[in-house]
Amino acid sequence: MAYHGSSIPLSAFVFMICLGTAKSLYTIPLRIYPGKFNSSLDLDLTPLKTFQDSTNGLSLASDPAGIVNFLNMVNNLQGDSGRGYYMEMTLGTPGQKLNILVDTGSSNFAVAAAAHPFITHFFNTALSSTYESTGRAVAVRYTQGNWEGELGTDHVLIPSIPGTLTINIAAILSSEGFFLPGVNWQGILGLAYPLLARPDSSVEPFFNSVVRQTGIPDVFSLQMCGAGLSASTTADPAGGSLVMGGVEPTLYSGSMWYTPIKEEWYYQVEVLKLEVGDQNLNLDCKEYNMDKAIVDSGTTLLRLPVNVFNSVVEAISRTSLIQDFSSGFWGGTKLACWLKGETPWRFFPKLSIYLRATNTSQSFKITILPQ
């Protein structure tokens, strides 16, 4: 859930996505890059060095200090691409278990602290002997939904992280459009930079607290599997993994690619071009990055600037194998139907997004399947 407004100093952020049934894992570790875009550069997809060769010296199988074992964090997420990905955490004393949505598009750790018709349970601060209120009000407005509450601190127990941590917690007392029907989470884990924290950047984000209190490396990797599964699927949620302290090598294959962080608030990156099928949209780079391009695990949508959206839809309609769709279908006002058991994916093209690599004369692409 990205929100507008004013974020964990991460030395690297690795973002791994399982797309459909494909076995390729696309990785987007983010690092700071102060340079400027040169629009005359040719795109070169020569693989960069792998994570093992990276200068930050991070271990793959476990963190260098041996504090955590990454294998223990594999499959610690539940959920899917339609309803979000969440992790079970234990809050307070005695412990209360809640499912927490993993969100790289915000920086507050916030949990329901009052009843709501769309959630099954909430964190009862009165029942926790270790909860301490700071007396400060806090409110966050996202692209979709908002909430208000109070800031406090309490003990948080995270699976696979040793010890009990003391974390800043926003207790959500009222909300609008935030908790939705059918979701199975009761809070949100903001993983972006302190600059996005509310009410101000003095509120230490969750992962900053984890790094400071445990000594694990300042890097996390996120794998989300489940693209192509509808919200009404009867299959078990596909889930994924949030690995804190490094990267688990069994979760990906091939070379690791890096893209620079343009500014440390959201994970703001630079999109160089988009392709529909094998067709370059040929828009100016500024169009793709207006007013920012961010990597956001908390949204279920690919959000595009208006001009880019119109160009993508026009290219898809031109490339689609079905020519008799009405204009209402492409405009989003009418539905198209298939017989039960049929899938329409084969009728539509793939979408490829090119990101700048750390070597500024190179790029790499993420290909999104029709489903």
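## Salt bridges

A salt bridge is taken here as a side-chain nitrogen of Lys or Arg within 4 Å of a carboxyl oxygen of Asp or Glu. In this predicted model, Arg212 and Glu204 form such a pair, with their closest N and O atoms 2.8 Å apart; Arg212 is exposed, at 54% relative accessibility, while Glu204 is partly exposed, at 24%. A search of the whole structure finds nine salt bridges, and one of them joins the side chains of Arg356 and Glu270, with an N to O distance of 2.7 Å. Because Arg356 lies in strand S20 (residues 351–356) and Glu270 in the loop between strand S16 (267–269) and strand S17 (271–276), this pair ties together parts that are 86 residues apart in sequence.

Both partners of that pair are covered, since Arg356 has a relative accessibility of 1% and counts as buried, and Glu270 is likewise buried, with a relative accessible area of 5%. The salt bridge between Lys97 and Glu88 has its closest N and O atoms 4.0 Å apart; here Lys97 counts as exposed, at 52% relative accessibility, and Glu88 as partly exposed, at 35%.

## The annotated active site

The unreviewed UniProt entry lists Asp103 and Asp296 under "active site". These residues span 194 residues in sequence, yet no two of their C-alpha atoms are more than 6.6 Å apart, so they gather at one spot. Asp103 belongs to strand S6 (residues 96–103), whereas Asp296 is found in the loop between strand S19 (293–294) and helix H3 (306–319). Asp103 is buried, with a relative accessible area of 0%, and Asp296 also counts as buried, at 12% relative accessibility.

The backbone nitrogen of Gly105 lies 3.0 Å from a polar atom of the Asp103 side chain and 3.3 Å from a polar atom of the Asp296 side chain. A polar atom of the Asp296 side chain is also 2.9 Å from the backbone nitrogen of Gly298. Although buried, Asp296 has no salt bridge, and the nearest side chain of opposite charge, that of Arg303, is 7.5 Å away.

Helix H1 (residues 206–214) is mostly covered, with seven of its nine residues buried; the buried residues are Phe206, Phe207, Asn208, Ser209, Val210, Val211 and Thr214. The elements that cover them include strand S5 (84–91), strand S7 (109–112), strand S10 (165–176) and strand S12 (219–225). After the helix comes Gly215, whose phi is positive, near 80 degrees.

Phe206 of this helix is also among the residues with the most contacts inside the largest nonpolar core, which has 62 residues, the others being Phe109, Leu242 and Met244. Leaving aside neighbours within four places in sequence, Phe206 is in contact with Met89, Phe109, Ile158, Ile167, Leu189, Gly190, Leu191 and Met244.

## Glu148 in strand S9

Glu148 lies in strand S9 (residues 146–157) and is partly exposed, with a relative accessible area of 46%. The C-alpha atoms of Glu148 and Ile172 are separated by 5.7 Å, while the two residues are 24 residues apart along the chain. Not counting residues up to four places away in sequence, Glu148 touches Val138, Ala139, Ala171, Ile172, Leu173 and Ser174.

How values were computed:
Residues are numbered from 1 along each chain as its sequence is written. This is a predicted model: local features need pLDDT of at least 70, side-chain atom pairs count only at pLDDT 80 or more; totals for chains, interfaces and linings use all residues. Side-chain values use heavy atoms; hydrogens and water are left out. UniProt positions are given in the numbering used here, feature names are shortened, and annotations may be inferred rather than shown by experiment. Helices (H or I, at least four residues) and strands (E, at least two) are DSSP runs, numbered from the N terminus. Buried means under 20% relative accessible area, exposed over 50%, partly exposed in between (1.4 Å probe, protein chains only). A polar contact is a pair of N or O atoms within 3.5 Å; within protein, one must be able to donate a hydrogen and the other to accept it, and residues adjacent in sequence count only if both atoms are side-chain atoms. Contact means heavy atoms within 4.5 Å. Lys and Arg count as positive and Asp and Glu as negative; His and the chain ends are not counted. A nonpolar core is a set of buried Ala, Val, Leu, Ile, Met, Phe, Trp, Tyr and Cys residues joined through side-chain atoms within 4.5 Å.
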